[in-house]
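Subject: Structure for your review

Dear colleague,

Please find the structure below, handed over for your study.

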Amino acid sequence: MASPTNLSRRHFLSGSALAVAPIALSGIGAGRALAQGAKPQAKGKIIRRKLGRTGIEVPIVSMGVMNADNPAVVQQSYEIGVRLFDTAMGYQAGRNEEMIGTVIKNLGVRKNVIIQTKIRVPRIGPNTPDDEVGARLRADFDGCLKRLQSDYVDILLLHGPSVAEMNHPGVRKALAEAKSSRRARFVGVSTHAAQADILNDAAKTGFYDTVTVSINFTQAEDTALLDAIRKAAAADVGLIAMKTQASGRRGGPPAPPVNHTAALKWVLRHEEITTAIPGYTNFAHMTEDFSVSYGLEYTAEERKFLAEKNLKAEMAYCQQCSRCVPTCPLGVDIPTLMRTHMYAARYGNFLHARATLDEIEESRRLALCGDCSECLARCSNHVRIAANIRDLKSMYL
Ligand code: SF4
Ligand code: SF4
């Protein structure tokens with residue numbers, strides 16, 4: 001279907017990319033197209049599920065707001081029935097939270113919606129005092145509440161922590177205080193990497209109420225992840241699915257076009273998942289994604305898409321499994337670079353791609369990759385590591 005292609009800077013910024021890039025680059029301001037789309041008709045009863053021990057009940061399709069910059073899309077999402085909005089302090093350098101806060105405040109519906117946001121564990125050195133870690137988390141959370149124009153969030157997530165960070169005493173104390181002071185109704189984690197370990201730990205300790213987990217049809221054979229999802233749900237941890245579309249709406253190259261309703265249904269047919277947060281950015285995609293809330297039966301076309309031979313290979317989706325890391329003699333952080341590539345090439349979110357690159361430890365950064373006559377890194381999931389790294393270098397070095 002699609003052939004491996006070396007994306008150049010020109011490709012990133014041309015063709016279909018032009019439709020998306022300004023969203024991420026401009027933040028809320030320039031993309032403020034307030035014209036409403038035609039309001040979609042309700043098609044029956046919205047399927048709702050309970051989010052584990054939180055008791056919160058929401059429709060099975062929610063909004064991942066990360067790439068969106070049009071407040072009218074957020075507003076109309078609420079009007080068609082979306083009730084959970086996912087954001088993070090780092091999305092669009094805080095403007096994403098500001099947009100949600102403004103829309104929800106203007107609608108006067110704060111009590112009707114579930115807002116989850118994310119803060120990052122600061123880099124913890126062996127001698128960092130617990131109190132300092134807690135103070136930094138509290139300061140970041142203060143900023144979230146200010147931008148969201150609310151005195152509480154429904155779910156406060158640690159953004160992509162390790163198991164050690166989840167259980168760090170300073171981190172635990174700060175989150176427990178956020179809950180006891182009612183500034184966060186519930187706490188959770190989001191995860192891309194070592195997902196089974198994170199889920200198993202959340203199930204074991206009972207400290208985290210929810211996990212926002214990356215899951216899509218390319219992971220159908222990841223039995224460790226699927227088992228961990230089942231165990232976490234059995235322990236009453238609320239599960240929210242992200243990265244459900246296996247790529248942004250731009251698709252390739254090299255990924256083939258995704259059947260987005262099939263992708264969402266595949267995830268949500270796992271009843272352990274309460275809701276999915278596809279990252280739509282416009283009215284058409286909002287309508288398409290939310291249509292799944294009314295029923296999870298596959299159409300013939302959706303079945304055909306999911307049954308395509310070689311689909312996983314063609315998607316070349318990086319599952320963040322880290323198995324490639326030992327194959328690179330320089331220890332470059334290939335999983336994070338592949339995630340960065342997804343944000344840039346498939347989401348068109350260059351700002352978030354840049355921020356993700358900057359998170360990489362200095363000794364494992366993109367700039368260190370270079371002296372191999374041929375890339376030795378290998379991926380068992382068909383990810384084109386060498387080509388993707390070339391793209392990133394053309395963009396960021
Ligand atoms: S590039 Fe491949 S091996 Fe490396 S983390 Fe991604 S899926 Fe795993
Ligand atoms: S070219 Fe490949 S093997 Fe060499 S440092 Fe870069 S990622 Fe590692």
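Rings of Phe, Tyr and Trp (for Trp, the six-membered ring) are taken to pair if their centres lie within 6.5 Å; a pair counts as stacked with planes under 30 degrees apart, as edge-to-face over 60, and as tilted for the rest. By this rule there are four aromatic pairs. One of them joins Phe217 and Phe305, which are edge-to-face, with 5.5 Å from centre to centre and 80° between the planes. These two values are given because a pair of aromatic rings is described by the distance of the centres and the angle of the planes.

Before going further, please note that this is a predicted model, in which local features need pLDDT of at least 70 and side-chain atom pairs count only at pLDDT 80 or more, while totals for chains, interfaces and linings use all residues. Residues are numbered from 1 along each chain as its sequence is written, chains are lettered from A and ligands numbered from 1 in the order in which they are written, and side-chain values use heavy atoms, with hydrogens and water left out.

The chain as a whole

The chain holds 16 helices and ten strands. Both are DSSP runs numbered from the N terminus: helices are H or I with at least four residues, and strands are E with at least two. Of the 397 residues in the chain, 55% are buried. Buried means under 20% relative accessible area, exposed means over 50%, and partly exposed lies in between (1.4 Å probe, protein chains only). The accessible surface of the chain comes to about 16700 Å², and carbon and sulfur atoms contribute 52% of it; such areas come from the Shrake-Rupley method with a 1.4 Å probe, and for residues only the protein chains shown count as cover.

A contact means heavy atoms within 4.5 Å. Among the contacts in the chain with a separation of 6 or more, 77% are between residues 24 or more positions apart.

A charge sits over a ring if NZ of Lys or CZ of Arg is within 6 Å of the ring centre and within 35 degrees of the ring normal. The charged end of Arg83 sits over the ring of Tyr78, at 3.9 Å from its centre. Likewise, the charged end of Arg172 sits over the ring of Phe207, at 4.3 Å from its centre.

Around ligand 2 are Cys328, Pro329, Leu330, Val332, Cys369, Cys372, Cys375, Leu376, Ala377 and Ile389. This shell divides into ten nonpolar residues, no polar and no charged. Here Ala, Val, Leu, Ile, Met, Phe, Trp, Tyr, Cys and Pro count as nonpolar, Asp, Glu, Lys and Arg as charged, and the others, Gly among them, as polar.

Individual residues

Gly94 is found in the loop between β4 (84–86) and α4 (95–107). Gly94 is buried, with a relative accessible area of 0%. Leaving aside residues up to four places away in sequence, Gly94 touches Met89 and Arg147. The C-alpha atoms of Gly94 and Arg147 are separated by 7.1 Å, although the two residues are 53 apart along the chain.

Ala316 is buried, at 7% relative accessible area.

Asp201 belongs to helix α8 (residues 195–205) and is buried, with a relative accessible area of 8%. Not counting residues up to four places away in sequence, Asp201 touches Val163, Met166 and Asn167.

Yours sincerely

Terms used
A residue is near a molecule or strand if one of its heavy atoms lies within 4 Å of it.
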